[in-house]
Amino acid sequence: MTNILLIEDDEAISAPLVRVLSREGYAVHCVARGKEGLDVLDQTFDLLILDLGLPDMEGLDVARQARSRGLTFPILILTARSEEVDMVVGLDAGADDYITKPFRLAELLARVRALLRRMTHNNISDGMLRFQDIALNLAGRRAFRAGEELGLTGKEFELLRVLMRQAGTTVSREELMHEVWGSASGDSTKKLDMHISWLRRKLGDEVGQTRYISTVRGVGFRFEKE
Ligand code: CA
């Protein structure tokens, strides 16, 4: 059974959401306040759907607290405030995706499925995501190679996290830009190439002898599982 926690105070949004998610076979627990959510939050949930504008606290603080407790399930943010989108996908909050209100239920379901699918591909244990000899401490935002810490910048960590979360599959340039910088695909992707090259250097990937991050020409990048 897939368990979803929904934290949303607007019943006009939560009621149809609970209905459609239940119909899809998910077990949904819905609360209207951030504190109630924090009371029940634990690793038995597979996904958190989180409203940003809660009556008692900021949704982002719920996300931060979940991550600081070492909880690794994906977090999907519901926001009516598109200007906060950059912050949401930014470094601090720990969210994995967001959807701006008003949204179509079909669109939300597609995001939910995508997040859950990624999760099943993950090699996560003890809050650590591992492939090859690379380990990411998701709550502490630290990266290690063969047990030695890599001094990654915030953006480098984010890039590696997104790539490793989907290890073995190619992640498009657009998705990386969206997830790491919150930018639309029209934005310059030069900074993506720069950050990828810095990240590769720190991982020890050598030109022509890729061990970790492969370039898929015209598409994007792939973190190799082995
Ligand atoms: Ca709200």
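This is a predicted model: local features need pLDDT of at least 70, side-chain atom pairs count only at pLDDT 80 or more; totals for chains, interfaces and linings use all residues.
Me: Is Gln132 buried, exposed or partly exposed?

Reply: Gln132 has a relative accessibility of 28%, so it counts as partly exposed.

Me: Which loop holds Ala146, and what is its phi?

Reply: Ala146 lies in the loop between β9 (142-145) and β10 (148-150). Phi of Ala146 is near 50 degrees, again a positive value in a residue other than glycine. Ala146 is exposed, because its relative accessible area is 59%.

Me: What about the peptide bonds: what is the geometry from Lys101 to Pro102?

Reply: The general idea is the one above: most peptide bonds are trans. The bond from Lys101 to Pro102 is cis, with omega near -5 degrees. Pro102 belongs to the loop between β5 (97-100) and α5 (105-121), and Lys101 is placed in the loop between β5 and α5 as well.

Me: Is Lys101 buried or exposed, and which residues is it in contact with?

Reply: Lys101 counts as buried, because its relative accessibility is 18% and the cut-off for buried is under 20%. Leaving aside neighbours within four places in sequence, Lys101 is in contact with Glu8, Ile13, Asp51, Leu78, Thr79 and Ala80. Take Leu78: Lys101 and Leu78 are 23 residues apart in sequence, and their C-alpha atoms are 6.7 Å apart in space.

Me: Asp51 is on that list. Which residues are the protein donors of the calcium ion?

Reply: To read a metal site, list the donor atoms, then find where their residues sit in the chain. The protein donors of the calcium ion are Asp9 (OD), Asp51 (OD) and Gly53 (O), at 2.2 to 2.4 Å from the ion. In sequence, these donor residues follow the spacing D-x41-D-x1-G.

Me: How accessible are Asp9 and Asp51?

Reply: Asp9 is partly exposed, with a relative accessible area of 35%. Asp51 counts as buried, at 3% relative accessibility.

Me: Strand β1 holds Leu5. What does Leu5 touch?

Reply: Look at accessibility, then at contacts. Leu5 has 0% relative accessibility and therefore counts as buried. Not counting residues up to four places away in sequence, Leu5 touches His29, Gly37, Val40, Leu41, Phe45, Leu47, Leu48 and Ile49.

Me: How are two packed helices described?

Reply: Two packed helices are described by the angle between their axes and the distance between the axes. Here, the axes of α6 (residues 154-165) and α8 (residues 190-203) come within 10 Å and cross at roughly 85 degrees. That makes α6 roughly perpendicular to α8. From α6, the contact uses Lys155, Glu156, Leu159, Leu160 and Leu163; from α8, it uses Leu192, His195, Ile196, Trp198, Leu199, Lys202 and Leu203. These residues divide into 8 nonpolar, 1 polar and 3 charged.

Me: At what angle do α7 and α8 cross, and which residues meet?

Reply: The axes of α7 (residues 173-181) and α8 come within 10 Å and cross at roughly 85 degrees. Helix α7 is therefore roughly perpendicular to α8. Arg173, Leu176, Met177 and Trp181 in α7 meet Lys191, Leu192, Asp193 and His195 in α8. This contact divides into 4 nonpolar, 1 polar and 3 charged residues.

Me: How many helices and strands are there in the protein, and what percentage of its residues is buried?

Reply: The protein has 8 helices and 13 strands. Of its 226 residues, 47% are buried. Among contacts with a separation of 6 or more, 58% are between residues 24 or more positions apart. The accessible surface comes to about 10,700 Å², and carbon and sulfur atoms account for 48% of that surface.

Methods: Residues are numbered from 1 along each chain as its sequence is written. Side-chain values use heavy atoms; hydrogens and water are left out. Axes are lines fitted to C-alpha atoms, for helices over the stretch in contact, and angles run from 0 to 180 degrees between N-to-C directions. Helices (H or I, at least four residues) and strands (E, at least two) are DSSP runs, numbered from the N terminus. Angles under 35 degrees count as roughly parallel, over 145 as roughly antiparallel, 65 to 115 as roughly perpendicular and the rest as oblique. Contact means heavy atoms within 4.5 Å. Ala, Val, Leu, Ile, Met, Phe, Trp, Tyr, Cys and Pro count as nonpolar, Asp, Glu, Lys and Arg as charged, and the others, Gly among them, as polar. Donors are N, O and S atoms within 2.8 Å of the metal (3.2 Å for Na, K and Ca); water is not among the atoms, so sites may look incomplete. Buried means under 20% relative accessible area, exposed over 50%, partly exposed in between (1.4 Å probe, protein chains only). Accessible areas come from the Shrake-Rupley method with a 1.4 Å probe; for residues, only the protein chains shown count as cover.
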